[in-house]
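Trainee: I am new to this structure and would like a close look at a single part. Please take me through it slowly and connect it to what surrounds it.

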Amino acid sequence: MSTLVIAEHNGIKLSNTVTQSISAAVTWGDTIDVLLVGDQLGLLSVEVSNIKGVRRVLKAEAPHLTSFIAEDISNIILSIAHQYDVILAAHSSFSLDFLPRAAAQLDVAMISDVLSIPDRNTYTRSIYAGSIQTTILSSNSKEVITIRASNFTHAELGNNAEIFNIDVPQETHCVKWLGETRIESELPELTSAKIVVSGGRSLGSADKFDSLLRPLANKLGAALGATRAAVDAGYAPNEIQIGQTGVTVAPELYIAVGISGAVQHTSGMKDSRVVVAINADPDAPIFQVSDYVLISDLFNVVPELVQTI
Amino acid sequence: MKALVAIKRVVDAHIQVSINSDGTALELEGLKTAVNPFDENALEEALRLKESGHITEILAVTIGTQSNVEILRHALAMGADRALLLETNLYLVPLAAAKLLKALVLEESPEIVLLGKKAIDDDAGQTGQMLAGLLGYPQATSISSLSIEGKDLIVKREIEGGTERLSLRSPAVVTADLRLNEPRFIKLPNLMKARKLPIEILSVKNFNIDTTPKLKTIFFKEPPKRRPSVVVNSVKELVEKLRANEGITL
């Protein structure tokens with residue numbers, strides 16, 4: 001059995017999820033190749049070749065690949081898919097853009113956001129916003145899956161896998177990349193941060209959201225997150241929304257400040273290792289998915305916490 | 001431009017679905033259902049583009065049993081011009097749904113196909129991209145804005161850490177994020193009127209597409225429960241417990 005792992009990166013940095021994807025791929029044995037798509041991938045490919053378990057690093061380099069157009073990435077996958085029994089990536093907005101497209105062109109019933117792989121053709125995943133877990137038996141002859149990276153361990157470093165260049169199919173001209181807006185932040189990236197400080201509508205305003213939570217995040221080296229209610233109220237940008245309609249996080253420590261805990265939010269954070277909830281409402285549903293609960297006024301507690309740590 | 005909007009019938013987002021006693025199935029009988037929220041955003045966007053003169057006709061399509069007629073009435077009441085049911089009693093995985101939609105797209109020739117970015121029941125997030133792949137059309141997923149300039153669709157899509165803008169040559173497939181718009185409320189007279197409008201029904205059998213599921217769900221269970229929470233009375237106690245019991249460096 002041979003497996004192709006598609007590595008996520010931003011041109012400079014490899015995503016933390018790559019080593020987790022490789023340890024998930026070990027399920028099918030040690031014939032694991034990793035595909036890197038982009039331009040000028042020299043340093044990144046060396047980094048990948050150092051991950052234990054990797055047989056070969058495949059580089060698809062071209063200037064137009066830096067914008068990660070789904071049609072282009074899908075065509076690259078299709079050009080090498082015949083060599084693999086399993087094609088795998090970490091579940092994210094990156095992989096979910098091109099992988100279903102490639103899966104359909106390969107006539108494969110894809111499996112999204114796999115939580116665990118009890119056996120080679122058996123997977124668990126969750127449905128209904130994480131409220132139910134299912135076990136799926138697959139009779140696919142080839143698998144295309146995305147995994148919930150935080151559920152898998154990181155593959156170790158210390159390897160020297162061969163690095164190959166692969167041919168890049170012709171550029172798709174039906175999609176033009178016009179530009180992007182990224183929030184500039186000195187804080188770590190939300191999906192890979194070890195600690196997340198997250199705020200809800202109880203913060204009351206954009207000013208308070210920022211002035212109260214940012215010092216705490218700075219001190220902890222944490223990423224900032226928000227509920228959909230806080231985003232809709234204009235307290236926080238959409239990019240940091242956690243939950244069913246935003247991103248899913250599973251840090252070591254999740255600090256929920258003034259968050260009531262609707263299932264639409266908790267589905268995006270309940271796999272965090274330790275959850276702390278600070279809320280004045282003793283009946284807040286967030287307490288049901290928390291390990292430590294502090295029933296108190298957040299406007300007093302948060303500054304005190306910044307002082308204490 | 002003609003638009004095709006694919007909508008899915010799902011259990012209402014506010015209802016907690018339960019599992020049968022031996023964990024072999026979900027108990028969905030009699031639960032309140034609705035249009036999948038993201039699909040409703042897709043339909044709303046098509047309606048707005050029609051109101052601004054960019055779209056001439058909107059065809060709403062769903063796949064499933066006769067019970068799905070209910071959400072097609074909802075689509076007609078919102079303002080869709082036509083409503084079509086691809087009738088089947090089988091549970092379809094996204095790939096099978098995409099194959100059926102492809103056949104319909106080839107027959108109806110819409111210039112723009114809109115779907116939700118995912119369904120809130122299976123949380124797969126695949127159908128739109130699969131449809132685009134099967135048709136060889138350009139795609140944009142999780143869009144939060146859409147405008148039409150001549151033959152091109154200009155979209156903004158939500159990505160991790162920001163947004164990106166793309167221009168797609170039609171015909172194209174786009175999937176809607178909740179942020180795209182706020183779906184309209186349906187006025188009672190429109191709902192009454194929609195009851196009298198025709199619903200087109202095609203049997204999935206007509207399409208000669210293999211819908212045999214390659215994936216079988218063999219077991220359903222509730223996720224593992226978190227340990228009971230500990231109530232702490234002060235910031236000091238909280239920090240001490242995190243350090244001592246959880247090994248967290250603060």
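This is a predicted model: local features need pLDDT of at least 70, side-chain atom pairs count only at pLDDT 80 or more; totals for chains, interfaces and linings use all residues.

Mentor: Across the interface of chain A and chain B, the rule finds six salt bridges. The contact involves 80 residues of chain A and 76 residues of chain B. About 6,600 Å² is buried between the two chains, and carbon and sulfur atoms give 53% of that area. On the chain A side, the residues that lose the most area to chain B are Tyr128(A), Gln133(A) and Tyr292(A), which together make up 11% of what that side buries.

The part to look at closely is helix H6 of chain B, residues 235-246. H6(B) has twelve residues and spans 16 Å from its first C-alpha to its last, close to the 16 Å expected at 1.5 Å a residue. Its buried residues are Val235(B), Leu238(B), Val239(B), Leu242(B) and Glu246(B). Viewed down the axis of H6(B), these buried residues fall within an arc of 95 degrees, so they line one face of the helix. An α-helix has 3.6 residues a turn, so residues three or four places apart point the same way. On the other side of H6(B), Lys236(B) and Ala244(B) are exposed.

What does the buried face meet? The buried residues of H6(B) pack against parts of both chains. From chain A these are strand E13 (253-257), strand E14 (274-279), strand E15 (292-295) and helix H8 (298-308). From chain B there is strand E15 (230-232). Just after H6(B), Gly247(B) takes a positive phi of about 65 degrees.

Elsewhere in chain B, Ser109(B) sits in the loop between H3 and strand E8 (112-116). Ser109(B) has a phi near 50 degrees, a positive value in a residue other than glycine, and is partly exposed at 44% relative accessible area. The peptide bond from Ser170(B) to Pro171(B) is cis, with omega near 5 degrees. Pro171(B) lies in the loop between strand E11 (162-169) and strand E12 (172-176) of chain B.

Conventions: Residues are numbered from 1 along each chain as its sequence is written. Chains are lettered from A and ligands numbered from 1 in the order in which they are written. Side-chain values use heavy atoms; hydrogens and water are left out. Helices (H or I, at least four residues) and strands (E, at least two) are DSSP runs, numbered from the N terminus. The expected span of a helix is 1.5 Å times one less than its number of residues. Buried means under 20% relative accessible area, exposed over 50%, partly exposed in between (1.4 Å probe, protein chains only). The arc is that of the directions from the helix axis to the C-beta atoms. Contact means heavy atoms within 4.5 Å. Buried area is the accessible area (1.4 Å probe) that two parts lose on being put together, summed over both. A salt bridge is a side-chain nitrogen of Lys or Arg within 4 Å of a carboxyl oxygen of Asp or Glu.
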